[in-house]
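Here is a short briefing on a helical packing site and some backbone details. The sequence and structure come first, then the points by topic.

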Amino acid sequence: MSRATFRPRAWWALLALTFTAFLLIGLMISLAVSIGEIAIPVVTTVRAVSNRLFGTAFELSRIHQGIIWDYRLSRALVAASAGASLALCGGILQALLRNPLAEPYVLGISAGASTGAVCVMILGFGYGVLTLSGGAFIGAVIAFVLVGILATRAGGSSERIILCGVAGSQLFNALTSYIVTTSANAEQARGVLFWLLGSLSGVRWPDVYLSVPIAVAGFVVFLVHARALDAFAFGTDAAASLGIAVRRVQIVLFGVTAVMTAAVVSIVGSIGFVGLVIPHAARFIVGPSHARLLPATAFGGSIFMVLADIISRIIIPQQILPIGVVTALFGAPAFAVILYRVRRSA
């Protein structure tokens, strides 16, 4: 097959896969909006969205309109964007650190966000000024900066970065446990536990306006650096020999990863295993080239998170599980498989 005939077919295949992925995400979001204690037909969902976005005049129940627009649709969109962000960050860190077990929380960001959240929730820091999400974001940024400084002083190698992230996570987890143990009452402790396990219950449209643009912007930045990420698979020295500005690329990608992870954690709490498992699943399907891997990872993370949200709302009647519990139930067995494969290849 000639180059002239291959390229158009490749583009058509890419367009077909992209269309299919968007179709699947749209289907999953429609199901997420329709499924719940009050079942709502998909047609009703489409009409409600049309009334809001395009000014149509379909006759709908005010209850259905409120449930769809004010609760379920925003929840589904945040779930999709958060899943894409976490999965992308996991794939980026696995490439930068050359470690198949790297995931978004390896830099201590989640632990720092937890400390920031409990400082606002329990100690009342920034009362009247900072929200829970704001405190979590500030805590995540502080943790990342401290881990980054420590990793730089320690040499900046992949192993040192991971070790510094583990140390930072332990420090901030200890601070969180200390604050909860010494200052929280039973109700506050229960609220902290629910938030730490990941929850989409409190998300609304302002969270959509934050999470979706961050996910899209991060995806664009990562895709621009796809060639550099491919080069990092052979090590930093090999990447530098190929003309990659190693230090600049590392700073940009680590920084964007930290901002994306901090934003997600500040909105929905700590949701594990998405950034660990989804990149491996996408790599198994489309291969290691990041030009294909990054879109597949983003779509896979979105679909997985929306599906997990649906399961969290229906698995126990009249009760909503923290979404982190559902992702862990699926992610833990996959994590064990990854560990086994790493051991076999070592």
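R98 sits in the loop that joins helix 3 (62-97) to helix 4. Its phi is near 50 degrees, a positive value in a residue other than glycine. R98 is exposed, at 52% relative accessible area. The model is predicted: local features need pLDDT of at least 70, side-chain atom pairs count only at pLDDT 80 or more, and totals for chains, interfaces and linings use all residues. Residues are numbered from 1 along each chain as its sequence is written, and side-chain values use heavy atoms, without hydrogens and water.

**Terms for backbone and exposure**
- Buried means under 20% relative accessible area, exposed means over 50%, and partly exposed lies in between (1.4 Å probe, protein chains only).
- Helices are DSSP runs of H or I with at least four residues, numbered from the N terminus.

**Other positive phi values**
- F273 is not a glycine, yet has a positive phi of about 75 degrees.
- F273 lies in the loop between helix 11 and helix 12 (274-286).
- F273 counts as partly exposed, at 25% relative accessibility.

**Helix 2**
- Helix 2 (residues 42-54) has 13 residues and should span 18 Å at 1.5 Å a residue; its end C-alpha atoms are 18 Å apart, which agrees.
- The expected span is 1.5 Å times one less than the number of residues.
- The buried residues of helix 2 are T44, T45, A48, V49, S50 and N51.

**Helix 4 with helix 6**
- The axes of helix 4 (residues 109-121) and helix 6 (residues 158-183) come within 8 Å and cross at roughly 20 degrees.
- The two helices are therefore roughly parallel (angles under 35 degrees).
- Helix 4 contributes A111, G112, S114, T115, V118 and C119 to the contact, and helix 6 contributes S169, F172, N173, L175, T176, I179 and V180 (heavy atoms within 4.5 Å).
- The contact of helix 4 with helix 6 divides into 7 nonpolar, 6 polar and no charged residues.
- Nonpolar covers Ala, Val, Leu, Ile, Met, Phe, Trp, Tyr, Cys and Pro; charged covers Asp, Glu, Lys and Arg; the others, Gly among them, are polar.

**Helix 4 with helix 11**
- Helix 4 and helix 11 (residues 246-268) pack at about 40 degrees, with axes 10 Å apart.
- I109, S110 and A113 of helix 4 meet A258, T261, A262 and V265 of helix 11.
- The contact of helix 4 with helix 11 has 5 nonpolar, 2 polar and no charged residues.

Conventions: Axes fitted to C-alpha atoms, helices over the stretch in contact; angles between N-to-C directions. Parallel < 35°, antiparallel > 145°, perpendicular 65-115°, else oblique.
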